[in-house]
Amino acid sequence: MIVSWLAGLRQAVSSKLTIGIGGLLALAITSGQSLLEALEPPVLPALAAGAPLDAGRWRIVLHDARLTTQSRPDGSPAPDGAQFLALDLDIANRSSETDNSFVRVLTVDPPVEGLQPNPTFWLLRDKAMLSALQPGLPERVQVVWRLTPGAKAPERLRLIVTGQTFKPRDNLLAAPGWFNPKPVAAAILPVTAAEAKP
Amino acid sequence: MSGVFAKLGALVLAVMLLVGMQRYTPSYAEITGPIPLKGNLGETLTGRIFSVRGDKVLLAEKLRFKAYGREVERDTGGVFALVIARLEAQPASVNVGSAIWRSAQGVRFVASPRVQGAPRLLGTDRLEPGLPQRGLFIFEVPREAVAGATLLVASSRWPRLDTQVEIALPAKPDIPAPLIDLGELAYE
């Protein structure tokens, strides 16, 4: 009688202990996670103009950023006198397949007021819109953002480069691909003023 | 003693079997991937919904053509590879929307979007049964991707359980021509 009662007590205590330890562990993990999130984000490595950077799928070299009145390379000025922010860069596709996701490689951060999102990528070789990059063929590209009329032109532009990592087998289809976009570098570029009208 | 060895042997065997299965089980993407149909230049290859015959490969450093009423000239950091081919829908109308130049190293080059509007580009118009089209696939590839390549033709870029025609291209291609005018190209 007493023996069975003792055994029952032991079981109850051990199960309560297990539940308690599990709860404490869960609490510790969640508080650790929130602590980690509250910590300062890691400082991104600085990328200088003219220096090459391997951002996973892309190798890029940023060149100068400038204000311009042309909406496209070597085009005539936009009729309404709008201003544009143009950035030259060299970009190469390091992956093994033709791709057009280069539009997501650059982010303006902090955002510039009056700068419209979704810039146009121009292929300088053709002076035409860039629709895809072939692997192993680096190209000089001009990225053009439109400035809202009347907006103050920025003096400096901070750009974040997003990199991706290659997975030989993804989790869904076990097919190779590029995943996990993450900021890999930040560049601060001076914006030179619009060129004088000829 | 021999019982211990037997147990150990069984364990080792089981581990080997499991590792082997994990390594060599074909992935979902492979099982449901393209169904290859291999051939050579000059052969008519008939897949599920279309037939294709690759005739000739031309290489050029520059292309000139007329697009939308304007003369266009395109140069490249690599080389333009042109494949003259004949496509026919069979048995129903179909869009053969994907042509890929796969280099000997396995790099896949999708047909170049830089020649949009060029005459007789294949893969842009719908094919009708009984009305074969003869025209061009144009690729832009680095020089080292030219030799020993394969032309992949399918109805989409990643065909699933559908025909992908794989045409072996010359292992030793010619020297690229300095300029090819697509308007003066002899297709026949």
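Predicted model: local features only at pLDDT ≥ 70, side-chain atom pairs only at ≥ 80, totals over all residues.
## Contact between the chains

In chain B, 18 residues are in contact with 16 residues of chain A. Four elements of chain B each give two or more residues to the side that touches chain A: helix α2 (28-31) and the strands β4 (70-89), β6 (108-110) and β7 (133-141). The largest share of this side comes from β4(B), with four residues.

Sorted by class, the side of chain B that touches chain A holds nine nonpolar residues, five charged residues and four polar residues.

## Helix α1 of chain B

Helix α1 of chain B runs over residues 2-24, which makes 23 residues.

A residue would need 20 or more other C-beta atoms within 10 Å of its own to count as buried.

## Cis peptide bonds

In chain A, the peptide bond between A:D109 and A:P110 is cis, with omega about 0°. The proline of this pair, A:P110, sits in the loop that links β4 (106-108) to β5 (120-123) of chain A.

In chain B, a cis peptide bond joins B:Q90 to B:P91, and its omega is about 5°. B:P91 lies in the loop between β4 and β5 (98-102) of chain B.

## Positive phi outside glycine

A:N180 is a residue other than glycine with a positive phi, near 55°. This residue belongs to strand β9 of chain A, which covers residues 177-192. A:N180 has 10 C-beta neighbours inside 10 Å and therefore counts as exposed, the limit for that class being 12 or fewer.

In chain B, B:Y68 is likewise not a glycine and has a positive phi, near 50°. B:Y68 is placed in the loop between β3 (50-67) and β4 of chain B. With 7 other C-beta atoms within 10 Å, B:Y68 is exposed.

Notes. Residues numbered from 1 in each chain as written. Chains lettered and ligands numbered in written order. Contact = placed C-beta atoms within 7 Å. Nonpolar A, V, L, I, M, F, W, Y, C, P; charged D, E, K, R; others polar. Expected span 1.5 Å × (residues − 1).
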